[in-house]
Every structure is written in structure tokens, then in C-alpha cells.
Amino acid sequence: MAAETGKGGAGLSEIQSEIFQAFATYVALLMLKMMVLSYFVISERILKGQFVVREDYEGFGDPQMSKEEIRRKTASRDLYIERIRRCHRNDLENIIPFVLVAVVYILFTNPTTESAILHIRIFAAARIFHTVAYLLPLPQPCRFLAFLVGSLATISMAIRVIYEGNF
């Protein structure tokens, strides 16, 4: 396969294109997982009748509920819904930095296909396992180890970017 060219640049080399294809696939999977968590929060709120704001109670809850009942219910939190929200927030705190570091790593460090795809797969598997460990919940240190493995994959790529950088 010849080097692919875009409208305005030299394009990706064959190796980078293969890596980027794997990267795009796993990032799409992780983004879909985060979206599913958002919908999971919504569905849990509706099924349990546990909302955060008054309008939601008025729109989805019991229309006969008094303002005092609504105030009391909005002050309380469902622990499982909060668990899902924390899992989603943790994804945001980890997946976004991974995506940014991985793009720079792929485009500017000329990694081997095997190394780059291994980093990407390790990170994706760690984040998926982290979600499973968070939502079931599995006993610690399962969730911590999943977080650590994913973080180390990102850190490894970041170190390579820094090492290859021209300062």
C-alpha cells in the first residue's frame, strides 16, 4: 500500500495508517462504552425515580408529588447511580488524556506497529475491565490494578513522546 495522502499534507505512512486504524477502532469502542454509561445513568434514574432536579421529577416522576417531597428526594442520592457516574467520570479523566497522548505518539514517534497496537489494546482492555470492576463491584485491588495498567500504557507512550521530542 502506498503512502496515503490527504488534501493538505503528506498523509500517513502505511505503518501509521495501520496503527491509526487500530487506534480509531479502540477509541470508538471506548467512546461507545462511555456513551452507554451515560444512558445507563439515565435509565437507572427513570427506573428508580431518582432525579437531580425538580423539572425531572415534574416530567418523569409522580405528578402528585409535593414540592417538599421533591426537595427531599433531590437531596438524596442513589448509591448505584453515583457509582455509575463516578465510573463515567473516571473514564473521562483517563480516556481523554490517552487519546491525546496516543495521537501524538502515533504521528511523531514512529512506533513499531506491534508496540503501538499493544499499547492501545492494553489501555482499552484495562478501561473495559475497570468498568466491569466498578459496576459489579469486584473487590479491590481489581479496579485499582485496571486503572494502573491503563495509566501505565498512557505513561509509556508519553515518555516516548518526551524522549523523542526536540527541545
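What follows is a short walk through the ring contacts.

This is a predicted model, so local features need pLDDT of at least 70 and side-chain atom pairs count only at pLDDT 80 or more, while totals for chains, interfaces and linings use all residues. Residues are numbered from 1 along each chain as its sequence is written, and side-chain values use heavy atoms, with hydrogens and water left out.

How many aromatic pairs does the structure hold? There are six, where rings of Phe, Tyr and Trp (its six-membered ring) pair if their centres lie within 6.5 Å, and planes under 30 degrees apart count as stacked, over 60 as edge-to-face and the rest as tilted. One of them joins Phe-20 and Phe-23, a tilted pair at 5.4 Å centre to centre with 45 degrees between the planes. Both residues lie in helix 1 (residues 14-48), three residues apart, about one turn of the helix; helices here are DSSP runs of H or I, at least four residues, numbered from the N terminus. Phe-20 is partly exposed at 30% relative accessible area, whereas Phe-23 is buried at 4%, with buried meaning under 20%, exposed over 50% and partly exposed in between (1.4 Å probe, protein chains only).

Phe-98 and Phe-123, by contrast, are stacked, 3.9 Å centre to centre and 5 degrees between the planes. Because Phe-98 lies in helix 4 (residues 79-108) and Phe-123 in helix 5 (residues 113-135), this pair ties together parts 25 residues apart in sequence. Phe-98 is buried at 1% relative accessible area, and Phe-123 is buried at 2%. Phe-20, Phe-23, Phe-98 and Phe-123 form one aromatic cluster.

Notes
Helices (H or I, at least four residues) and strands (E, at least two) are DSSP runs, numbered from the N terminus.
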